[in-house]
Amino acid sequence: MKIVIIDYGAGNIQSIIFAIERLGFKAVLSNNPDEIQAADKVIFPGVGEASSAMKMLIESGLETLIPDLKQPVLGICLGMQLMCKSTEEGNTSGLGIFDVDIIKFTSIVKVPQMGWNTIYYLQSPLFKGINENEYMYLVHSFYAPLCKETIATTNYGVEYASALQKNNFYGTQFHPEKSGDIGEKILGNFLKITLAP
């Protein structure tokens with residue numbers, strides 16, 4: 001299986017590579033459109049600030065490629081947020097894959113949310129064999145409100161979408177690669193997803 005992690009200069013990639021290796025697979029880091037399109041599975045990571053990350057995507061020509069991908073794609077953290085319509089962070093337009101706008105947590109909670117929190121109302125092959133209310137590791141100041149594409153929910157002052165899915169596109173606000181055995185199982189589930197021809 002060919003797994004490509006999109007390399008656009010925004011991300012802590014190493015922990016994802018190690019997590020995939022622990023599952024018995026190898027991942028390639030690439031920003032080559034042909035290589036990304038030829039992959040069986042694509043992971044779209046992201047750590048950092050949305051407007052500069054989006055600028056790097058546009059400069060590498062990947063902002064038009066990603067929404068057209070046909071294989072399973074997993075956006076993680078900022079990667080998931082950039083797959084949405086827009087984000088309040090830097091007033092940035094996103095890739096428009098998920099039909100939701102990313103907004104900032106209000107001042108009633110400590111920002112960023114940093115550490116472990118539960119996921120529940122799980123509904124996707126991504127969570128096969130995962131129990132409700134398992135703990136995942138999160139670091140973020142902005143979030144996706146609940147919407148029709150929500151496949152997991154988390155509460156941090158407000159209930160929000162901690163995972164999204166639309167067709168072949170999946171996104172997690174949490175970091176599966178930093179969430180221990182359960183996170184690794186979610187990554188493993190993603191690698192097992194097959195799309196109907």
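Q: Which residues is Thr-172 in contact with, leaving aside its neighbours within four places in sequence?
A: Thr-172 is in contact with Leu-74, Gly-75, Ile-76, Cys-77, Met-80, Leu-126, Ser-162 and Ala-163. Contact means heavy atoms within 4.5 Å.

Q: What kind of model is this, and how are residues numbered?
A: This is a predicted model: local features need pLDDT of at least 70, side-chain atom pairs count only at pLDDT 80 or more, and totals for chains, interfaces and linings use all residues. Numbering runs from 1 along each chain as its sequence is written, and side-chain values use heavy atoms, with hydrogens and water left out.

Q: Back to Thr-172. Which strand is it in?
A: Thr-172 sits in β13, residues 169-172. Strands are DSSP runs of E, at least two residues; helices are runs of H or I, at least four; both are numbered from the N terminus.

Q: Thr-172: buried or exposed?
A: Thr-172 counts as buried because its relative accessibility is 0%. The cut-offs: buried is under 20% relative accessible area, exposed is over 50%, partly exposed is in between, with a 1.4 Å probe and protein chains only.

Q: Cys-77 was on that contact list. Is it buried or exposed?
A: Cys-77 is buried, with a relative accessible area of 7%.

Q: How many disulfides does the structure hold?
A: The structure holds 0. A disulfide here is a pair of cysteine sulfur atoms within 2.5 Å. For Cys-77, the nearest cysteine sulfur is that of Cys-84, 12 Å away. For Cys-84, the nearest is that of Cys-147, 7.2 Å away. Cys-84 is buried too, at 0% relative accessibility.

Q: Which elements each supply at least two lining residues?
A: Both α5 (78-82) and β9 (134-140) do.

Q: What is the lining like by class?
A: The lining has 5 nonpolar, 7 polar and 2 charged residues. Nonpolar covers Ala, Val, Leu, Ile, Met, Phe, Trp, Tyr, Cys and Pro; charged covers Asp, Glu, Lys and Arg; the others, Gly among them, are polar.

Q: On to helices. Which residues of α1 are buried?
A: In α1 (14-22), Ser-15, Ile-16, Ile-17, Ala-19 and Ile-20 are buried.

Q: And what do they pack against?
A: They pack against β1 (3-6), β2 (27-30), β3 (41-44), β4 (73-76) and α6 (180-192). Ile-5, in β1, is in contact with Ile-16, Ile-17 and Ile-20, among others. Ile-5 is also buried, at 0% relative accessibility.

Q: How far apart are the end C-alpha atoms of α6?
A: They are 19 Å apart, which agrees with the 18 Å that its 13 residues should span at 1.5 Å a residue. The expected span is 1.5 Å times one less than the number of residues. Buried residues of α6 include Ile-186, Leu-187 and Phe-190.

Q: Backbone now. Where is the cis peptide bond at Pro-112?
A: It runs from Val-111 to Pro-112, with omega near 0 degrees. Pro-112 is in the loop between β7 (98-104) and β8 (113-119).

Q: What about the phi of Asn-91 and of Tyr-121?
A: Asn-91 has a positive phi of about 45 degrees, and Tyr-121 one of about 55 degrees. Neither is a glycine. Most residues other than glycine have a negative phi. Asn-91 lies in the loop between β5 (84-87) and β6 (92-93); Tyr-121 is in the loop between β8 and β9. Asn-91 is exposed at 72% relative accessibility. Tyr-121 is exposed at 52%.
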